[in-house]
Amino acid sequence: MRRRTVLSFLTVAGFFWASSVTSGQAAEPGKLLRAGMIGLDTSHAIEFTKILNDPKNVEELGVKVVAAFPGGSPDLPASWDRVKGYTEQLAKMGVEIVPSIEALLPKVDVVLLESVDGRPHLEQARPVIAAGKPLFIDKPMAASLADVIKIFELAKKAGVPCFSSSSLRYCPEALEIRGGTSPIGKPLRVVATSPFHIEEHHPDLFWYGVHGVELLYTIMGTGCQTVRREAPDRAVGQWSGDRVGIYQGSKSYGAEVEGTGGKAEVSKYPGYEPLVREICTFFKTGKPPVAAEETIEIFAFMEAADESKRQGGAPVTIESVLKKAREEAAKR
């Protein structure tokens, strides 16, 4: 989930979110936005900073990383084994390292929440939202669907722009299909792939599968009704209009698409820069490029896949997992 590889609007019943937070304030034109990072236990912290703080990009993109809080999860080796090294690298790049989120917020205008562990994201997001700072949250957005819903609820109530996305969303072939400019027409059947590495503290697909599921939703859009777990590394979603979207664990990232006008493969990974550019535009305009309801349904798909696994592969409705998660979110 945190490494580079070769390839590598719907209203959900009972939960509505506009495609952008219209109350979010746009940045003053020409102003350099000071960005803060939370969580230095992922290579994204280094790679994103290299792009943002490259002198040739600072003026164009208008965002520079100036301060960071290391964070880190002591019970997760993928976090704790890396946080020291990445913190040292970022400090050598001229980024101020601070001891807490509270110390970070007065120094920055916008925040990238990069912690590799999704479990602390809700609590890390709370003070950022309370401070009114536009917020990008890296994958996985949280370690539960309930936490994802709660974060968006808090952001909406506070009028704080917030979004989450994988860099896989910006594969050019996927965007062409989504935008209707591909000759294959409307996608009818999609098989999206990504490595299927699991982590004991997260639902199965949340850890690495989230990238393949995000690519699936980039192509298919929202509208999944039920999910079946056909195998440990395979989840089949039934969309409205008899369309089918499948997540399949694989060694690589990509997608095979059958549409109304033909077939296509998604195999060109553009790296991190397209996502970083979208984040910068979001910080300057206050308009999230990915609707909250789409991100919520992505996590509902993965949560439904886990529930189907518990039920021996029976179909599980998206609405049922959303209903349960909304009830849990209301208690948080």
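How many bridges join strand E11 to strand E12, and do these strands run parallel or antiparallel? Here are my notes on that and a few other spots.

1. Before anything else: this is a predicted model, where local features need pLDDT of at least 70, side-chain atom pairs count only at pLDDT 80 or more, and totals for chains, interfaces and linings use all residues. Residues are numbered from 1 along each chain as its sequence is written, and side-chain values use heavy atoms, with hydrogens and water left out.

2. Back to the opening question: strand E11 (residues 254-259) and strand E12 (residues 262-266) run antiparallel, joined by 5 bridges. Helices (H or I, at least four residues) and strands (E, at least two) are DSSP runs, numbered from the N terminus, and two strands pair if DSSP finds at least two bridges between them. E11 and E12 make a hairpin, with 2 residues between them. Look for Glu258, whose bridge partner in E12 is Lys263.

3. Now find the open sheet: 6 strands, paired parallel, in the order E3-E2-E1-E4-E5-E6. Strand E3 (96-97) and strand E6 (162-164) stand at the edges with a single partner strand each, so one side of each has no neighbour in the sheet. Strands of a sheet pair through backbone hydrogen bonds.

4. Inside that sheet, strand E1 (residues 33-38) runs parallel to strand E4 (residues 110-113), with 4 bridges joining them. Met37 has Leu112 in E4 as its bridge partner.

5. Next, the helix pair: H9 (residues 209-220) packs against H11 (residues 292-310) at an angle of about 125 degrees, with the axes 10 Å apart. Axes are lines fitted to C-alpha atoms, for helices over the stretch in contact, and angles run from 0 to 180 degrees between N-to-C directions. That makes H9 oblique to H11 (under 35 degrees is roughly parallel, over 145 roughly antiparallel, 65 to 115 roughly perpendicular, and the rest oblique). On the H9 side, the contact (heavy atoms within 4.5 Å) includes Val213 and Tyr217, while Phe299 and Met302 are among the H11 residues.

6. Tyr217 and Trp239 form a tilted pair, 5.2 Å centre to centre with 50 degrees between the planes. The rings of Phe, Tyr and Trp (its six-membered ring) pair if their centres lie within 6.5 Å; planes under 30 degrees apart count as stacked, over 60 as edge-to-face and the rest as tilted. This pair links distant parts of the chain, 22 residues apart: Tyr217 sits in helix H9 and Trp239 in strand E9 (residues 234-239).
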